Amino acid sequence: MNTFGHRFRFSTFGESHGKALGCIVDGVPAGIKIDEEFIQNEMDRRKPGKNKYATARKEGDKVEILSGVFEGITTGTSISMVIFNENQKSKDYTNVKDLFRPGHADFTYFNKYGTRDYRGGGRSSARETAARVAAGAIAKLMLKELEIEVQSGICAIDGVEASEYDFSSVSDSEIFALDKNVEQAQKDAILAAKNKHNSVGGVALVNVKNAPIGLGEPLYFKLDSQIANAMMSINAVKAVEIGDGTLSSKVKGYDNNDQIRKDGFKTNHSGGILGGISNGDDINVKVYFKSTPSIFIKQETVDIHNDEVDCELKGRHDPCVAVRGSVVAESMMALVLADMALLNMSSKIENVKKVYSK
């Protein structure tokens with residue numbers, strides 16, 4: 001399955017070491033101003049090779065819009081975008097072409113499909129997420145029309161956790177840190193693992209401001225369920241928390257409930273979602289990324305013949321995928337919200353009448 005969304009939906013194509021990656025975004029309303037500089041800036045936030053905390057692979061990640069936009073405005077038809085790969089080094093993977101890299105999707109993809117693109121994992125590579133960020137940029141431009149803001153940052157690396165969240169400082173941080181007080185410790189943790197040919201995991205916080213009340217389609221297309229679906233579809237994500245998350249199971253009901261006054265909720269333990277529907281408060285989601293499986297330490301595995309062998313990787317890999325992954329999580333949140341905003345238009349007959357009244 002390569003398509004996500006219902007009304008505002010996108011499909012991606014391409015592989016890590018193929019000619020190009022891209023996406024087709026469908027359901028985009030006509031009349032949205034497309035800011036290509038903004039789209040490219042989103043790509044630049046995610047692109048590899050920017051600093052010593054990311055993979056050394058150099059990719060321009062330049063987006064080319066092929067359709068769906070005329071004179072800078074969406075036409076209401078499908079928007080197709082392509083990103084050409086520029087810096088593949090497929091030879092780095094020839095020594096592992098017949099074996100399964102521990103922690104990767106090699107084993108399951110081979111057993112499911114019976115074929116193997118060993119060049120960086122092919123379709124299972126996190127390189128595919130470049131296309132998601134391109135699609136997410138279109139979703140953000142739609143949400144901007146509704147004054148809905150989506151932002152993200154890193155709140156934990158290798159167990160080094162932020163004690164405060166300052167989204168205004170994220171753009172100035174090489175690792176998108178939310179807390180300047182622990183940023184250096186988080187950077188040190190990444191480099192320490194990298195220098196030992198190992199890797200670390202991390203946690204991204206995605207925040208939504210100005211979300212209207214009513215987004216979400218119970219019972220089987222709830223806002224929180226689709227957010228979890230979106231985040232879990234990202235490479236290396238192993239857990240998602242909405243609001244207080246697992247803490248909700250450790251406190252009493254009185255302490256977990258968000259009491260309400262005429263000017264709004266007194267607290268936001270729910271993370272802005274009740275009954276699968278946004279309640280108008282900030283939406284807060286934590287996304288947990290496992291340690292990068294590509295490490296340069298000898299590991300035990302088997303090959304395609306089920307013979308036991310050693311795995312010794314080469315190549316260029318992120319020592320902490322959570323950093324660039326936070327941008328992808330932010331993009332996926334925007335795509336979910338754009339879809340829910342369009343779906344919500346049909347929730348009441350008066351909304352329909354506004355469109356068709358004479």
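Select Arg 101, which sits in the loop between S7 and helix H2 (106–113). Helices (H or I, at least four residues) and strands (E, at least two) are DSSP runs, numbered from the N terminus. A note before you click on: this is a predicted model, where local features need pLDDT of at least 70 and side-chain atom pairs count only at pLDDT 80 or more, while totals for chains, interfaces and linings use all residues. Residues are numbered from 1 along each chain as its sequence is written, and side-chain values use heavy atoms, with hydrogens and water left out.

Is Arg 101 buried or exposed? Its relative accessible area is 5%, so Arg 101 is buried. (Buried means under 20% relative accessible area, exposed over 50%, and partly exposed in between, with a 1.4 Å probe and protein chains only.) Now show side chains: those of Arg 101 and Asp 106 are joined by a polar contact of 2.7 Å. A polar contact is a pair of N or O atoms within 3.5 Å; within protein, one must be able to donate a hydrogen and the other to accept it, and residues adjacent in sequence count only if both atoms are side-chain atoms. Setting aside neighbours within four places in sequence, Arg 101 also has contacts (heavy atoms within 4.5 Å) with residues including Tyr 93, Val 96, Gly 120 and Leu 313.

**Next stop: the loop between H1 and S4**

Pick Lys 58 and Glu 59. Lys 58 is in the loop between H1 and S4, and Glu 59 is in the loop between H1 and S4 too. Lys 58 counts as exposed, because its relative accessibility is 52%. Glu 59 counts as buried, because its relative accessibility is 4%. The side chain of Glu 59 reaches the backbone nitrogen of Glu 86 at 2.8 Å. As for Lys 58, leaving aside neighbours within four places in sequence, it touches Gly 49, Asn 87 and Arg 316.

**Slide along to helix H1**

Select residues 36–46 for H1; the buried residues there are Ile 39, Gln 40, Glu 42, Met 43, Arg 45 and Arg 46. What do these buried residues pack against? Colour strand S4 (63–67), strand S7 (79–84), helix H3 (129–145), S8 and H7 to see the partners. At the start of H1, find Asp 35: one of its side-chain oxygens comes within 3.1 Å of the backbone nitrogen of Glu 37.

**Look at the sheet**

Five strands make an open sheet in the order S1-S2-S3-S7-S4, with antiparallel pairing. (Two strands pair if DSSP finds at least two bridges between them.) Strand S1 (3–4) and S4 are at the edges with a single partner strand each, so one side of each has no neighbour in the sheet. Zoom in on S4 and S7, which run antiparallel and are joined by four bridges. Val 63, for one, has Ile 83 in S7 as its bridge partner. H1 lies across S4 and S7, at about 130 degrees to S4. H3 packs on the sheet as well, touching strand S2 (9–14), strand S3 (20–26), S4 and S7, and its direction makes about 145 degrees with that of S7. (For these angles, axes are lines fitted to C-alpha atoms, for helices over the stretch in contact, and angles run from 0 to 180 degrees between N-to-C directions.)

**Into the core**

In soluble globular proteins, nonpolar side chains tend to be buried together. A nonpolar core here is a set of buried Ala, Val, Leu, Ile, Met, Phe, Trp, Tyr and Cys residues joined through side-chain atoms within 4.5 Å. The largest one has 83 residues, and Phe 8, Ile 283, Met 333 and Leu 337 have the most contacts inside it. Which helix gives the most to this core? That's H7, with 17 residues. Another core, of five residues, lies apart from it, with Tyr 93, Val 96, Leu 99 and Leu 313 among them.

**Last stop: helix H4**

Select residues 180–195. Asp 179 caps the N-terminal end, with a side-chain oxygen 2.9 Å from the backbone nitrogen of Asn 181. The buried residues of H4 include Val 182, Ile 190 and Leu 191. Strand S8 (149–157), strand S9 (160–161) and helix H7 (321–344) are what the buried residues of H4 pack against. Following H4 comes His 197, with a positive phi near 65 degrees.
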